[in-house]
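Subject: Structure handover

Hello,

Here is the structure we talked about. Please open it alongside this message. My notes follow below.

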Amino acid sequence: MTDRPFRILVLCTGNSARSILGEALLRELGGARIAACSAGSKPKGTPHPGALRLLARKGIDTSAFRSKSWDLFSGPDADPVDLAITVCGNAAAEACPVFPGAPLKAHWGLPDPADVEGDEAEVDAAFEQTWHWLELRVRALLALPFETMDHKELMGELARIGAMEGAA
């Protein structure tokens with residue numbers, strides 16, 4: 001056990017929707033237990049407007065969120081990562097860079113709300129649904145004593161969490 005927060009990196013290809021929401025939820029609910037960040041293999045450059053609207057509705061300051069490359073979290077100068085969570089099938093299938101800390105890996109695949117076409121209300125509803133599914137997963141993770149669990153047991157729980165309602 002270390003004296004630093006458990007560091008979680010949420011990964012998705014574009015780092016504009018699901019991974020941004022995952023990062024926000026882990027930060028909001030994880031408190032001092034978790035240091036959360038997100039990244040993508042092919043970042044879009046900016047978070048999706050639907051993600052930013054949802055965060056604003058939840059009272060979360062959106063100024064800290066940006067779409068960034070997962071390369072920022074690899075290499076010798078990067079902070080160690082304890083857990084890398086992919087939230088889209090594309091990122092789960094890609095060859096990830098080597099992250100310092102040899103993190104555990106979990107897949108929490110969810111449909112992409114950024115793919116929803118329609119008016120702003122329909123897009124916002126898709127983002128709300130994704131938030132709900134991610135919140136279920138984050139709360140399930142936070143209910144675990146993950147800091148003291150052995151890796152095999154934790155990997156089993158992470159797989160169970162990934163298969164919860166909404167899994168894609």
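A search of the whole structure finds 1 aromatic pair. Rings of Phe, Tyr and Trp (its six-membered ring) pair if their centres lie within 6.5 Å; planes under 30 degrees apart count as stacked, over 60 as edge-to-face and the rest as tilted. Here the partners are Phe-6 and Phe-146, with centres 4.7 Å apart and planes at 50°, so the pair is tilted. It links distant parts of the chain, 140 residues apart. Phe-6 sits in strand β1 (residues 6-11), and Phe-146 in the loop between α4 (120-142) and α5 (151-162). Helices (H or I, at least four residues) and strands (E, at least two) are DSSP runs, numbered from the N terminus. Both Phe-6 and Phe-146 are buried. Buried means under 20% relative accessible area, exposed over 50%, partly exposed in between (1.4 Å probe, protein chains only).

Two notes on the source. This is a predicted model, in which local features need pLDDT of at least 70 and side-chain atom pairs count only at pLDDT 80 or more, while totals for chains, interfaces and linings use all residues. Residues are numbered from 1 along each chain as its sequence is written, and side-chain values use heavy atoms, with hydrogens and water left out.

Stay with β1 for a moment. Arg-7 lies in this strand. Arg-7 counts as buried because its relative accessibility is 16%. Leaving aside neighbours within four places in sequence, its contacts (heavy atoms within 4.5 Å) include Cys-37, Phe-73, Asp-79 and Leu-83.

The loop between β1 and α1 holds Asn-15. Its phi is near 45°, a positive value in a residue other than glycine. Asn-15 is buried, at a relative accessible area of 1%.

Next comes helix α1 (residues 18-30). Its 13 residues reach 17 Å from first C-alpha to last, close to the 18 Å expected at 1.5 Å a residue. The expected span is 1.5 Å times one less than the number of residues. The helix is mostly covered, with 10 of its 13 residues buried. Among them are Arg-18, Glu-23 and Gly-30. The cover includes β1, β2 (34-39), α2 (49-57) and α4. Just after α1, Gly-31 takes a positive phi of about 55°.

Strands pair if DSSP finds at least two bridges between them. Ala-84 has Lys-105 in β4 as its bridge partner. The covered face of β4 holds Leu-104 and Ala-106, while Lys-105 and His-107 form the uncovered one.

Last, α5. Leu-154, Leu-158, Ile-161 and Gly-162 are buried there. They cover an arc of only 95° around the axis, which puts them on the same side of α5. The arc is that of the directions from the helix axis to the C-beta atoms. On the other side, Lys-152 and Ala-159 are exposed. What covers the buried residues of α5 includes β1, β3, β4 and α4.

Best wishes
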